[in-house]
Amino acid sequence: MAKKKTTNKTKAKKRFSAPKFLNDERTKFLFGITFSLLTIYIGLAFVSFFFTGGADQSKLDIKWLELITDSKVRVENWTGKTGAYISNLFINKGFGIASFSFLYLLVVVSLRFWSVKIQSLRKTILYTLLFSIWFSVLMSFFFVKSTSHSFLFLGGVHGFFISEWLISLIGNVGTLFLIVLSLLTLITFAFQNSVTVIKKFFSKKPKTTSTDNEEIIENKPVDNSAEEEIDSFNTIIEEQVLENPELILGTEGYPTNEIILNEEVPVVEEAKSDTDTDDLELKIETVKISEESVSIKHTPMEDFDPTLDLSNYKYPTLDLLEDHHLHNSEVSKEELESNKIKIVDTLRNYKIEITQIKATIGPTVTLYEIVPAPGVRISKIKNLEDDIALSLAALGIRIIAPIPGRGTIGIEVPNRTPEIVSMKNIIASKKFQESKYALPVAMGKTISNETYTLDLAKMPHLLVAGATGQGKSVGLNAIITSLLYKKHPSQLKFVLIDPKKVELNIYSTIEKHFLAKLPEEEEAIITDIHKVIATLNSLCVEMDARYDLLKKAHARNIIEYNKKFVTRKLNPENGHRYLPYIVVIIDEFADLIMTAGKEVETPIARIAQLARAIGIHMIIATQRPSTNIITGVIKANFPARIAFKVASMIDSRTILDSPGANQLIGRGDMLISVGSDLVRVQCAFVDTPEVEMLTEYIQKQQAYPTALMLPEFVAETSENTADIDLQKRDALFEEAARLVVGSQQGSTSAIQRRFSIGYNRAGRIVDQLEAAGIVGPFEGSKARQVLVQDEYSLEKLLSDVLQ
Ligand SMILES: Nc1ncnc2c1ncn2[C@@H]1O[C@H](COP(=O)(O)OP(=O)(O)OP(=O)(O)O)[C@@H](O)[C@H]1O
């Protein structure tokens, strides 16, 4: 069934493809010139009609044949009788001055021949027609009386009749309403953002103006009480400045209610505390990293353009995602002060004096950086983790002693109400939009409110662990979402493995755009363990094949290879093809290891070791980061790791090689370890309905006929070919043998396709062909060698076998 559909589609596609001669550069050039001149000619004729139409009117009333054959008939129109006839036909007998819109259509067609595409042809024709109809009715409705004595019908005959009919039907008011309504309908469908613009226009005044480079994602009403609080705080600080002129103070250290995406310029602001309980000042450092929201730009490629097959593909827009930060509340000054006092007091109880304390407010945690008095042992503070946690009555306190490169000790204290970091803001951030990464992933925000992005291509593989319900699935969705926002379907394919069956199923709708699967598989999302093994092995075959291609092309990695291919230095006839990145995502890796053990571990380790250069990257996620799941082999090959909250310190050590993940607070709070860096990041939140909107947006667009087909993998059967009993051969054995010898190709997939049979049966037939000496043994990514050269030898061999 599926196959039939596909072939029908392909046929349909073929029917509409342009004739070959139109692709010839010379034909295009000539057509381009012809259409351009035609546009100018008709344009002149139309313009001239306004000046000469009156004089020509009587001559244009005779029959067309008479008009052109009788050379005595002369017209005033600058473009002669043809021009006069065409303009009369379009303007007076057709759509009036709306006929000028047909010139736009001609311009679009001419530019097409010059390889300049400003709009799709279908849309241009549709909109031109609709506009002409609408405008001619409008013109007739308003001007029919004022121009009744002129030779010129501003709305043309078409407009005249329709407007007269409408007026008789629904009266003047009804016709006017209909004209306005049809205009709005036209605008709504012609321009994607029209509804938002109209809504904005009618909505209340925006709170802040935006400049060219700044766009405010969300305007939240300002809470007056917060303003008052800041005002009174400012007064205190001003007084203190007078008393102590050396103190550098800032008054804008507290987050404002609005989220403005600006350029990332860290603004360090400090404020002096006004507490009686302690004279130690608390410097509050708010690194205001806000991101400039930039419009999503995607420049087309030169030379060979791999995106050409789906050249109309539109990258997802930001409005598909939601703003979750509306529910966020900020960390109050009281909260900061009380935490500071508790930290200082607890340390003092253990006779630890500190000379300075500074707070940096992050989305989920606030980092208190302390400088201990000289002579205090760092390990002593480190050991007080539990005591500080007790005194602050907070979970998830983490002590970083010392903070590398800063000469301070960090105490991370969770905020009373953690902030939700919206995926929308992270995707809109300048840092992500302008990243030049091959596979850019926007993960969330760091403690200093910076957008945290990483390049999956450089990782080159990622291990994700976290106890259940701590944000792993949201994290995987964030990774996939960021890639979908940045990559064209021709550049990236996902292989999704989901033993839980429900987590990644949401992406099944974009199969033909972004997924890869085994040939003849119904579902692209792999849930069955046997298919997981076949898929991983098939990826190994693809990996070997890609290495062969790289070798042939003298390229060291996929970037060099694709560059050569795009600049047409590699001939597709020699097997070269544009190589999309393949991102393999395995959810619930523990399940796989428990059920299949070495069978999955071996191909995963192979891919992890070798696939970096050829663009296959893996992300494996697990709930149980125990050593029997994340084995030494896996760990050694997955240098980049993400840990959400885990149950124990041992789990944290297994995943990160250090404790810390057990002290996270959950809900997307995570530690990312890349190389020697360990960064605490609040994962961006993307909800399932948002992902659904995104996949629906992609799914609605033109797609490839199928998902990307991975190479077939024929499992090395334990059955020795010598044991195969050819007397019990398959019913299709002879036909398959003739097919293989006829085409001189020993491929299982060819047999599958030709006889419309399953993969397993085709595999068995190939084994029997090998046993009969018709094809050679399995050779990995290469097709099997055909050992029988011609049909005569085959018939002879078959008659021997059949006896
Ligand atoms: N980044 C985040 N920001 C805010 N809330 C989050 C975030 N990530 C997860 N959550 C909250 O935690 C809940 C559980 O998250 P998620 O489904 O990702 O957990 P999980 O680790 O995948 O669980 P499981 O392993 O059982 O599938 C979400 O429904 C959401 O409410």
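Predicted model: local features only at pLDDT ≥ 70, side-chain atom pairs only at ≥ 80, totals over all residues.

**Lys351.** Select Lys351, in the loop between α10 (333-349) and β4 (354-361). Buried or exposed? Lys351 has 8 other C-beta atoms within 10 Å, so it is exposed. Check its backbone too: phi is positive, about 60 degrees, although Lys351 is not a glycine.

**Arg667.** Next, go to the loop between α22 (649-656) and β16 (669-674), where Arg667 is found. Its phi is also positive, at about 50 degrees, and Arg667 is not a glycine. Arg667 has 18 C-beta neighbours inside 10 Å and therefore counts as partly exposed.

**Pro460.** Now pick the loop between β9 (451-455) and β10 (462-465), which holds Pro460. The peptide bond joining Met459 and Pro460 is cis, with omega about -5 degrees.

**The whole chain.** Zoom out. The protein chain has 27 helices and 18 strands. Of its 803 residues, 37% are buried.

**Helix α7.** Select residues 156-190. What does α7 span between its end C-alpha atoms? The span is only 24 Å, whereas a straight helix of 35 residues would span 51 Å. Look at Ile170: α7 bends there by about 115 degrees. Then colour the buried residues of α7: Gly156, His158, Gly159, Phe160, Ser163 and Thr175. They pack against α4 (80-95) and α6 (121-143).

**α5 and α6.** Show the side chains where they meet. On α5, select Ser101, Phe102, Tyr104, Leu105, Val108 and Arg112. On α6, select Leu121, Thr124, Ile125, Thr128, Phe131 and Ser132. This contact has seven nonpolar residues, four polar and one charged.

**α24 and α26.** Finish with residues 733-743 (α24) and 759-771 (α26). These helices pack at about 75 degrees, with axes 10 Å apart. That angle makes α24 roughly perpendicular to α26. Phe733, Ala736, Ala737 and Val740 of α24 touch Ile765, Gln768 and Leu769 of α26. Six of these contact residues are nonpolar, one is polar and none is charged.

Key: Residues numbered from 1 in each chain as written. Axes fitted to C-alpha atoms, helices over the stretch in contact; angles between N-to-C directions. Helix = DSSP H or I, 4+ residues; strand = E, 2+ residues; numbered from the N terminus. Parallel < 35°, antiparallel > 145°, perpendicular 65-115°, else oblique. Contact = placed C-beta atoms within 7 Å. Nonpolar A, V, L, I, M, F, W, Y, C, P; charged D, E, K, R; others polar. Expected span 1.5 Å × (residues − 1). Bend = angle between axes of the 7 residues up to and from the residue. Buried ≥ 20, exposed ≤ 12 C-beta atoms within 10 Å, placed from the backbone.
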